[in-house]
Amino acid sequence: MLIGALPFAAASASQAPANEQARRLIRQIMQELRIPGLQITVVKDGQIVLSEAYGLANVENGVRASRDTRFPLNSATKAFTGVAIAQLAEQGRLDLDASASRYLDDLPAAWREVRVRQLLAHTSGLPDILDANGLLGGGSEAQAWTAVTARPLEAAPGQRFAYNQTNYVLLARIIAQQSGMSYERFLATGQFSSARMARTTFGDSYDLVPDVATMYSLAPRATDAADAPSRLSHWFYEIPPLLWAGGGILTTADDTAHWLVALTEGRLLGDAARARMWSAERLPDGRAGPWAGGWPVLRASPDLQVAGIGGARSAFVVYPERGVAVVVLTNLVGANPQQFIPRIADCYARDSSTPRHERVALARQQRAAIAGP
């Protein structure tokens, strides 16, 4: 255990001023936004330099948040689905430019020209399988699928960006079809195991998963008076297996950081496949859309910034050119950590004296030397 902790300790010591600045920011933000519990992990040049938990995982019982507490990623799960699709493409088992109907033979005729990359980037034009009340039809997954496939396209494929969950329902089916295993099994073997994500699983508020943070909201209840002060209340959310590829992962900030390190070091994807996955899908007028292959693109250039954003309470942002990634998971709906993560990332200044690829290579050599044969 001591040997395993040494690289983290050494990296943290080298970033002590930045870490202390980040801690002050987190405490201030938690107080301002009234966030009950939070995890933060920061990666710099392939090493975790800060990993901490704050506050309460469960307010009413006084259960403190720890680094082992599981939080929902919600829609940030889509980034993992994007990696899974990119892996299949890299292995030659899938063509991103092919129509989804090449891999799924039961699609409605109007859906048959939608391309895989358009599903990833939400430019498919498909109707959404969710409405304001949840799954279409208000019943089972099968009823929802019947309902959505009876609806017409909302736009011609590729014409415009429109975020919806139907895209990722289809991507999960394509992954299962082309991998020969279930969506969750393919992620477990191809990503979770490779990145040593021991605390990562799938579920929602209704599943009995150990060590999961309770979700809260400060939004007024429907029965509250218009001038009633905001108060902390439980927030229940449902992610049935049909929607896991779009929002089902439960994990920790540490596990997510390990995954980001594995991704940026090329252990999950080669450099070319990763670069394509992080390239924004172009719209018909030539403009870059807001999404790439499963990832929102916050900034294309300079200083590329790609993210996973979920449930208005969890987010991670990767700054490949800086060699920085920040993961913040909370249990408050409305915390929107993607909005304050840039302030945390700015604590970790770029090191212009040494090129990033040399810094990353040196960090790898240090870890290998400490770990031994």
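Guide: Helices (H or I, at least four residues) and strands (E, at least two) are DSSP runs, numbered from the N terminus. What you see is a predicted model, so local features need pLDDT of at least 70 and side-chain atom pairs count only at pLDDT 80 or more, while totals for chains, interfaces and linings use all residues. Residues are numbered from 1 along each chain as its sequence is written, and side-chain values use heavy atoms, leaving out hydrogens and water.

Now find helix α3 (residues 77-90) and helix α6 (residues 166-179): their axes come within 10 Å and cross at roughly 35°. An axis here is a line fitted to C-alpha atoms, for helices over the stretch in contact, and angles run from 0 to 180 degrees between N-to-C directions. The way α3 passes α6 is left-handed. Who actually touches? On the α3 side we have Lys78, Thr81, Ala84, Ile85 and Leu88, and α6 brings Tyr168, Leu171, Ile174, Ile175, Gln178 and Ser179; contact means heavy atoms within 4.5 Å. That group splits into seven nonpolar, three polar and one charged. In this count, Ala, Val, Leu, Ile, Met, Phe, Trp, Tyr, Cys and Pro are nonpolar, Asp, Glu, Lys and Arg are charged, and the others, Gly among them, are polar.

Zoom in on Ile85. Leaving aside residues up to four places away in sequence, Ile85 touches Leu94, Leu96, Val116, Leu120, Leu171, Ile174 and Ile175. Ile85 and Ile174 are also among the residues with the most contacts inside the largest nonpolar core, which has 82 residues; Phe80, Leu187, Trp259, Trp295 and Phe316 are on that list too. A nonpolar core is a set of buried Ala, Val, Leu, Ile, Met, Phe, Trp, Tyr and Cys residues joined through side-chain atoms within 4.5 Å. Buried means under 20% relative accessible area, exposed over 50%, and partly exposed in between (1.4 Å probe, protein chains only). In soluble globular proteins, nonpolar side chains tend to be buried together.

Follow Phe316 onwards and you get to β13, where Phe316 is the bridge partner of Gly308. Strand β13 (residues 314-319) pairs with strand β12 (residues 305-310) in the antiparallel sense over five bridges; strands pair if DSSP finds at least two bridges between them. As for β12, five of its six residues are buried.

Terms used. Left-handed = near helix turned anticlockwise from the far one by under 90°.
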